[in-house]
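Please take a moment to look over the sequence and the structure shown here before reading on. The notes after it are meant as a careful first briefing for someone new to protein structures.

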Amino acid sequence: MARRALTTTTATLTVTAALLLTACGGGDDKSSDDIKGAGTGSSPSASASASTPSGAKRPEISLPSSFRLTFENWTSSDPVEQAVLDDGKEQLRAGYAAIIANEPDGGEALAFYDTRAGLSADREWIKSYTGKNVTVIGELPVYDPQAALFAEKTKAQLRYCTDESKAQTKNRETGEVVGTPRGTDPHVAYVVTMQKNDQGVWQTVSTNSDRGGCS
């Protein structure tokens, strides 16, 4: 699978925040993403997200059944932290929806959840797929979320892990499927720097990753 982890790490983007590693746990309370829409390679149809915070009108995002994002223990007792988790989740869904729809510019949903700097970096990530004419299939669990607030709760860092062992890329023309290479750690730790805009949306400023950073 051509991965965000490889793209953000090797590019050494100037907007990327310093990575703060966290332990990857994953619990028994596992909730699946809302999965509706067309098959791989076609534009996702509009569908209400599984969970969206109140306030500004969030875009509707859907993913096809060929690619399943699951979010484990994606909850917090703190309402502000929960808002960070919710917008972080939707930003990730928007990015993968753009890859599947073959939209190298990221589409409207990703622009909603990204700052200008964040969108510029994420477009490079998306092009690492679209430029090779591949899409994503399989399952990608996202787990062990931790939200930290600072700057009077106007900025945040969202940390989480992913497990790429069941996720693959598929060539749109040839149908060739490629998974995680043997001997490569499929677990990737992420830290996402976010800031709240005037509409109350927690937008992504930068993303950094560390393959093998989950333990």
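What follows is a briefing on this structure, grouped by topic.

The model is predicted. The chain has 215 residues, and 49% of them count as buried. Its elements comprise 4 helices and 8 strands, and, read from the N terminus on, they follow the order α-β-β-α-α-α-β-β-β-β-β-β.

**Overall picture**

**The nonpolar core**

- The largest nonpolar core holds 39 residues, and those that touch the most other members are Phe67, Leu69, Tyr96, Leu158 and Tyr160.
- Several elements each supply at least two residues of this core, namely β2, α2, α3 (107-113), α4, β3, β4 and β7 (187-196).
- Helix α2 gives the most to this core, contributing 10 residues.

**The disulfide**

- The count of disulfides comes to 1, and this link joins cysteine 161 to cysteine 214, with an S to S distance of 2.2 Å.
- The two cysteines come from distant parts of the chain, 53 residues apart, since cysteine 161 belongs to strand β4 (residues 155-163) while cysteine 214 lies in the segment after β8 (202-211).
- The link of cysteine 161 and cysteine 214 is left-handed, with an angle of -110° about the S-S bond, and both of these cysteines are buried.

**Salt bridges**

- Side chains of opposite charge can pair when their charged atoms come close.
- A search of the whole structure finds 4 salt bridges, and the next points describe some of them.
- In one of the salt bridges, the side chains of arginine 58 and aspartate 87 meet at 2.9 Å, taken from N to O.
- This pair links distant parts of the chain, 29 residues apart, with arginine 58 in the loop between β1 (30-32) and β2 (67-72) and aspartate 87 in helix α2 (residues 79-100); arginine 58 and aspartate 87 are both buried.
- Another salt bridge is formed by glutamate 139 and arginine 68, whose closest N and O atoms are 3.4 Å apart.
- Here, too, distant parts of the chain are linked, for glutamate 139 in strand β3 (residues 134-150) and arginine 68 in strand β2 are 71 residues apart.
- Are the partners in this bridge buried or exposed, or something in between? Glutamate 139 has a relative accessibility of 16% and therefore counts as buried, the cut-off for buried being under 20%, whereas arginine 68, with a relative accessible area of 30%, is partly exposed.
- Glutamate 90 and arginine 93 also meet in a salt bridge, at 2.8 Å from N to O, and they both lie in helix α2, 3 residues apart, which is about one turn of the helix.
- Both glutamate 90 and arginine 93 are buried.

**Serine 62 and arginine 93**

- Serine 62 is placed in the loop between β1 and β2, and at 2% relative accessibility it counts as buried.
- Although serine 62 and arginine 93 are 31 residues apart along the chain, their C-alpha atoms are separated by 7.9 Å.

**Aromatic rings**

- A pair of aromatic rings is described by the distance of the centres and the angle of the planes.
- The structure holds 7 aromatic pairs, including the pair of tryptophan 125 and tyrosine 129, whose ring centres are 6.3 Å apart and whose planes stand at 85°, so this pair is edge-to-face.
- Tryptophan 125 and tyrosine 129 both lie in helix α4 (residues 116-130), 4 residues apart, about one turn of the helix.
- How buried are these two residues? Tryptophan 125 is buried, with a relative accessible area of 1%, and tyrosine 129, at 0% relative accessibility, likewise counts as buried.
- Ring pairs link Phe67, Tyr96, Trp125 and Tyr129 into a cluster, and two members of this cluster, Phe67 and Tyr96, are also among the residues that touch the most other members of the largest nonpolar core.

Methods
Residues numbered from 1 in each chain as written. Predicted model: local features only at pLDDT ≥ 70, side-chain atom pairs only at ≥ 80, totals over all residues. Heavy atoms only, no water. Disulfide = S-S within 2.5 Å. Buried < 20%, exposed > 50% of the residue type's maximum accessible area, 1.4 Å probe, protein only. Phe/Tyr/Trp six-rings, centres within 6.5 Å; stacked < 30°, edge-to-face > 60°. Core = buried A, V, L, I, M, F, W, Y, C linked by side-chain atoms within 4.5 Å.
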